[in-house]
Amino acid sequence: MTDSASVLVIGGGHNGLVCAAYLARAGRRVTLLEAAEQAGGLAATNEFAPGFRASCAHLLYLLDDKISRDLSLASHGLSMAKTGLDSVALDRKGGHITLSAQQLEGPGISDSDREAYREYRRMMSKFAGLLGAMHRQAPPRITGRRGDLFTLGRLALRARMMGRNDLREFLRIAAINIYDVLEEFFDNPQVKGALGLDAVLGSFSGPRSNNTVFTALHRMSGNNSAPPGAVSVPAGGMGTVSDAMVAAAMAAGVEIRFGTRVSRICSDGLKVLGVELESGERIEAQTIVSNADPKTTLLELLGARYLEADNARRFNHFRSRGNAAKLHLALTGLPDFKGLERAQLGQRLLIAPDPEYVDRAFNPCKYGEYSPRPVMEITLPSVHDKTLAPQGRHVLSAVVQ
């Protein structure tokens, strides 16, 4: 008989590692199966040129403080080389603008835009806090069940506590596009371009797309002690986050098998029985947790024949298109940006000069084409962490979208 206390976790990305650690802490017997020789997925730190190291995910944000404390990630080796990076909106002529948690700095910034920025941060931080409160609970279903009604009631009460004016504004803007909101707040196009980029980064959308306000709020919704939306550079690269999670999971009793690829989830049509590995080995378990995406998990590993026809159709049409590339450069020295001070090279550098530029960068993606003028999020993590490059040299890591 299959052990009812055993759990198999497919995939060792950060979500799978955290899930495995919590299940083990709750008394379950957990085995995590990772196809690669190291955990972390896109957050793993790898050598991309002799002596130069980087990861596809180059900045850390939205790591919940409670998870860090529960799993004792600091004691397992996680530390920050730099916390709370500013965003610098680059200008071709050198008139760069810095956006920090509290203020705007740079040429051409009016007093009205400075005041508008403070109000924008206050408002968005408050709204993001409403979303952040939902991070540690299952999303409520719209049913008549007491538990769902209670969760919805608590959410409604928290929303009302924002005050009438803020609640009215939240309901007005939450599901619309970030372009219109930024047009209401600011005059400076660089400010609007930088804030518009934050609302579309990593998503298949432009600033005029619906729900981009929600995306911007999500980026600010972490339950962190740092200001909303703060980003950090982990010491040793993003891979140290995954390494700390691996150590925490193993300390909790999780068995981790690297180089172990799952070929299919076994089922008798009524329940799961376990998994079959690429090697032919079968591992039994009554509970399977997958860190893979829904289409891979349900249509490829499990198989559409085990799903109801409507569910199979829905997952087959699940939208998960990407429009970002990752660029790593091994540099012989620090790059020279016109008008950018050396001290600013360690900040988050953005190429998004105005919201129209960001919108035009997205347009070709609608038709399966590449943008000739993409937006970029650029970092030089080696400014803060000398272990990522040989002495005197540097790593440039950029998201090109």
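I began with a charge over a ring (NZ of Lys or CZ of Arg within 6 Å of the ring centre and within 35 degrees of the ring normal), and I found the charged end of Arg-219 over the ring of Tyr-61, 4.6 Å from its centre. Arg-208 likewise lies over the face of Tyr-179, at 3.9 Å from the ring centre.

I noted that this is a predicted model, in which local features need pLDDT of at least 70 and side-chain atom pairs count only at pLDDT 80 or more, while totals for chains, interfaces and linings use all residues. Residues are numbered from 1 along each chain as its sequence is written, and side-chain values use heavy atoms, with hydrogens and water left out.

Next I looked up aromatic pairs (rings of Phe, Tyr and Trp, the last by its six-membered ring, with centres within 6.5 Å; planes under 30 degrees apart are stacked, over 60 edge-to-face, the rest tilted), and the structure holds six of them. Phe-127 and Phe-170 form an edge-to-face pair, 5.2 Å centre to centre with 65 degrees between the planes. This pair joins helix H3 to helix H5 across 43 residues (helices are DSSP runs of H or I, at least four residues, numbered from the N terminus).

Why does Phe-127 count as buried? Phe-127 counts as buried because its relative accessibility is 0%, where buried means under 20% relative accessible area, exposed over 50% and partly exposed in between, with a 1.4 Å probe and protein chains only.

I then turned to Phe-185 and Phe-186, which form a tilted pair at 5.9 Å centre to centre, with 35 degrees between the planes.

Conventions. Helices (H or I, at least four residues) and strands (E, at least two) are DSSP runs, numbered from the N terminus.
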